[in-house]
Amino acid sequence: MAEIVDRINADDEGGRIARTLLFPYLNHAATMFGDGYATAADIDAGMRFGCGYPIGPLALIDALGAKTVVAGLSEQFARTGDPLHQPAPALVEAADQSTAFTGEGADGTAVPQVKRPVSSVGVVGTGTMASGIAQVFAQAGYDVVYVGRSQEKLDGVVAYVTKNLDRAVAKGKLDEAGKDAVLARLTGATEREALADVDLVVEAIAEDLDIKLELFRDLDRICKPGAILATTTSSLSIRACADATSRPADVIGMHFFNPAPVMKLVEVVTTDATDPDVDETVRALCLATGKHPVSCGDRAGFIVNALLFPYLNDAITLQESGAASMEQIDTAMKETKLPMGPFELLDVVGNDVSLAIQQTLHGAFGHEGWKPAASLEQVVADGKLGRKTKAGFHTY
């Protein structure tokens, strides 16, 4: 911890880059907390488990000292005039009163309990995310029915799960009997009617609202009363999906992170219509499958994307200004113990995906400082989408 703080505070080029990019990110986290959107524990856990950060943003504010962060932001705001750099009220209050965002008793939430019994789970979709979710539940002992458009697609799910289980066997984390037991819990179907008796449905189909609305109308018709209907969307409206059904209280967001069998985080997203029993049950199920649930409301970006992508966009803008090169920025941020530099991460995520998320955030919140950077738009226009096309901000 002390090493991270010292690196950020360093009076050198790396320290200046780190402060330029991290202080607005910390400010946004403080705003998120101050608005009551999520708890300090959930905001910090979101960035640790969702991004692999060594420390959450609010804990980092406490480590640096809120007064230090306020002073740095005030200096930045005086220079840029960007409202996003004006210290958040919650941050100013912490500085004035010398209080901490985190620490003993900062969470205070009770361990969630299953309020609606779940023994069988349906998964709609056959892509990497859907296949991973099917594996997660099957490995945790749940019977899983997964639905795809063709037998070929269904076979792809089994192949994906088998490959992952074979890897676990090779590492000694699972034996052949355990592998066979997991695979035996998976049942494929090409008709959605196969979901009639499941207790929970998790959809992981295309990020297209019209397609999802059609699915939720169908699930409303097919699924038994009391079944929980969940979407893994990372950017679309949960309430819109809920309103496509006659049971909006049963609809919730379960945003898994990719790859689902590996990543611990699940953002549990409620609307103003979600039944508290559904919320608590889903959080309990996350724990039962070895995941870490964080709770948030139904708005663009949820916790992780709303904090991560403006920071990535700021890194591009900093490079565009000529104040630092991509290599300098990537190096400076890795020296603060982040797992990747921002340009490396953009290329891993996919620049087209990053642009779409940033466009969504800009449209939803209207912050001019969140307008997608010109260089991000350009690499996408040029087809340089990152590692998947062998070229992005870096060449591979």
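**The sheet and the cysteines**

Analyst: In this predicted model, eight strands form an open sheet with mixed pairing, in the order β3-β2-β1-β4-β5-β6-β7-β8.

User: Which strands are at the edges?

Analyst: The edge strands are β3, residues 186-189, and β8, residues 292-297; each of them pairs on one side only. Neighbouring strands of the sheet are turned by 25° against each other on average, with direction ignored.

User: How many bridges join β5 to β6?

Analyst: Strand β5 (residues 228-231) is joined to strand β6 (residues 251-256) by three bridges, and the two strands run parallel.

User: And what stands opposite Thr231 in β6?

Analyst: Opposite Thr231 is Gly253 of β6.

User: Which strands does helix α3 lie across?

Analyst: Helix α3, made up of residues 40-51, lies across β7 (265-270) and β8. The helix runs at about 125° to β8.

User: Changing topic, how many disulfides does the structure hold?

Analyst: The structure holds zero disulfides. Cys286, for one, is in no disulfide, and its nearest cysteine sulfur, that of Cys296, is 11 Å away.

User: Is Cys286 buried or exposed?

Analyst: Cys286 counts as buried because its relative accessibility is 1%; the cut-off for buried is under 20%.

User: What about the relative accessible area of Cys296?

Analyst: That value is 5%, so Cys296 is buried.

Technical notes
Residues are numbered from 1 along each chain as its sequence is written. This is a predicted model: local features need pLDDT of at least 70, side-chain atom pairs count only at pLDDT 80 or more; totals for chains, interfaces and linings use all residues. Side-chain values use heavy atoms; hydrogens and water are left out. Two strands pair if DSSP finds at least two bridges between them. Helices (H or I, at least four residues) and strands (E, at least two) are DSSP runs, numbered from the N terminus. Axes are lines fitted to C-alpha atoms, for helices over the stretch in contact, and angles run from 0 to 180 degrees between N-to-C directions. Contact means heavy atoms within 4.5 Å. A disulfide is a pair of cysteine sulfur atoms within 2.5 Å. Buried means under 20% relative accessible area, exposed over 50%, partly exposed in between (1.4 Å probe, protein chains only).
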